[in-house]
Amino acid sequence: MRFVFINIAIFSCLLTEAQVTFKTLRAADDAFGKYSYAKAADLYDAALEDAEDSLYIHQQMALCYRNMNDTKQSEKYLEKVVKDPASDAEFYYLYAQALSSNGKYDQAKEWYGRYQNKVANDPRANEKLAALDDFHQFFSDSSKFTIERLEFNSPGLDFSPAIYDSSVVFASSRPSGNKWVKTNFNWDESEFLDLYMAKKGETEATRFIQDIQTKYHEGPLAFYDNDQKVVFTRNNLVGKRLKKDDQGVTRLKLFFAESDGEGGWKNTQPFKYNSDDYSVGHPAINDEGTVLIFSSDMPGGFGESDLYVSYKEGDGWSQPKNLGERVNTAGKEMFPSLVASNLYFASDGKGGLGGLDIFEATLDNRFMPRKVSNVGYPINSSKDDFGLVSNDRFRSGYFTSARVDSLKDDIYYFERDFYILRGIAYNQETNEPLEGVDLFIEDGSGQLIYRRSKENGEFAVEDISPAVWKVSGVKNNYRLVDEKKITIKDGDEVESLVEVYFVPVPKFPVDLPASVADFIAVVGTGADSLSGEYSVGQALSINPIYYDFDKSELRVVGKEELEKLIIFMDQHPSLIISLSSHTDKRGPDKYNLLLSQRRANAAFDYLVERGVDPSRLQATGNGEANPQVECEPCTKEQHQLNRRTEFLITGIKE
């Protein structure tokens, strides 16, 4: 994998001339300092002839091969380093990474654990160990994917595809044909990177349009505005010459260009926040060109390189904002892409199968991450996997992997099996569609997906797996006739249809026994509590039950209140009761809605287990809507009052 950000520590120790050939070692250090890792490795190897037990040289050899992505050689020298009591703890982490990349997961767990014991405050080790403890999670959806290594890959590096019309444009180190030009990149003695284009099924790639290419690096790019505009990565150039910073490093920069309408590109403009002192590259951009996400090693980040977002403001861009700890780690986060409302990116700091893994992040309306998950095998492998792109909601697309040869990146095509569950909510009495029904679709593992029916009663859940799916729902003044179950099997048609029916509940006011007055707090309608006549929406005087933050488990005091409700329902066997659950305002709206439904379900399950007829209960999650306490910001106590389930009379059982 190439075109990365540089943040390499050079370790030093005292060496005598008797241990090594001083001149050879000095030449090796000089090559290492210039990022000529292939050359440095050869020189360090020569120096080892006179100093076979040198910790410093073994460290440097390990770092050379690590930066050339040679995981086998890196492991070989790291094994020597970690056996030395004087070795730095960081090499424990690097050794664990190399073991994981070489598929030695049990040994990797051991060395991540040793690193964690020495550096307890590094969250990377915790994530790596948690992932290895739950290793099967990465293979749960593997049967849904087919992948294909594409024929246009070269013997060199081919990586970071971008979809352009019906083709892919990608970075490649294959020779350009201009052999009289010295184009070798001294990092690993591969060719400088240029942009090439090919279609799936083609055996050869052609050089992409010359307008934005130089004899130095051009790399990851993204097209937008219906492929009429592009943002791309390039070496820092002044005129036609590379510009280096004070450390002798040529940084990466982003540039924009637009189509000239004749197959070329014009009006190349630099990104406002490029810098000579740090790299900015690997762009992802929405099709409107209003949101740009990129990778950078600018100061103030969480790790070696972080992901940032910038928003279009008039003719310029807003100050980049770090995407935060949900995405970024102390390691590298790179190669982002936007697919609908999801962000895909590569990370070596999160728990995964090894090397760089590809992750998916769901985004809010400001393109900030909500939830991050590993996309799993076979997209990810023990080697580097990165640069995933798709234009159809992750159903097919391209990505880069070094799984065949860790020294060589190739481009792969993937397809993913998917199923869609479409449904319609109906009023059973009129057979007319029902708008505004809150539907809860549950998979075989108990996970809930929420949808609300449209004006025509329709709802849909896309990209679901084969399973037995249960569909239920709630709507004020209506009762679900029965829960629907639908089985989706491998090989079924892509779309399945389910119809869900509801009936109107009897209208209030109704006459209830006078004893009901002992249990009901009259709300909203002003009914006379002494007459026993009440209206829809009245709440029981049983206290609400409360929950811990981000939890749905019942507390002991909550169970005591539910026991009171059981007594009341035994005394009045015709009443239908709604369990109306809520959350506080922390967390995304959709997450809170599902959390509140889990809370309602927990109360529902407890009551049913204690003998209450489930047809007399309606478990309704309301998310953070209708708070008990309006507050901004809220105190700890106010948040607690809003995390509740209340009890309401909603009808009479026929």
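Is Glu462 buried, partly exposed or exposed? I looked this up before anything else. Glu462 counts as partly exposed, at 31% relative accessibility (buried means under 20% relative accessible area, exposed over 50%, partly exposed in between; 1.4 Å probe, protein chains only).

Notes on the source. I am working with a predicted model, where local features need pLDDT of at least 70, side-chain atom pairs count only at pLDDT 80 or more, and totals for chains, interfaces and linings use all residues. Residues are numbered from 1 along each chain as its sequence is written, and side-chain values use heavy atoms, with hydrogens and water left out.

Next, salt bridges. I take one as a side-chain nitrogen of Lys or Arg within 4 Å of a carboxyl oxygen of Asp or Glu. The structure holds 33 of them.

I checked Glu462 again. Glu462 forms a salt bridge with Arg393, with the closest N and O atoms 3.8 Å apart. Glu462 sits in strand β30 (residues 458–464), and Arg393 in the loop between β23 (385–389) and β24 (396–405), 69 residues apart. Strands (E, at least two residues) and helices (H or I, at least four) are DSSP runs, numbered from the N terminus. Arg393 is partly exposed, with a relative accessible area of 49%. A network of salt bridges links Arg393, Arg395, Arg416, Glu462 and Asp463.

Then I turned to Lys350. Its side chain meets that of Glu127 in a salt bridge (3.9 Å, N to O). Lys350 lies in the loop between β20 (342–347) and β21 (357–363) and Glu127 in helix α7, so the pair ties together parts 223 residues apart in sequence. Lys350 counts as buried at 6% relative accessibility, whereas Glu127 is partly exposed at 32%.
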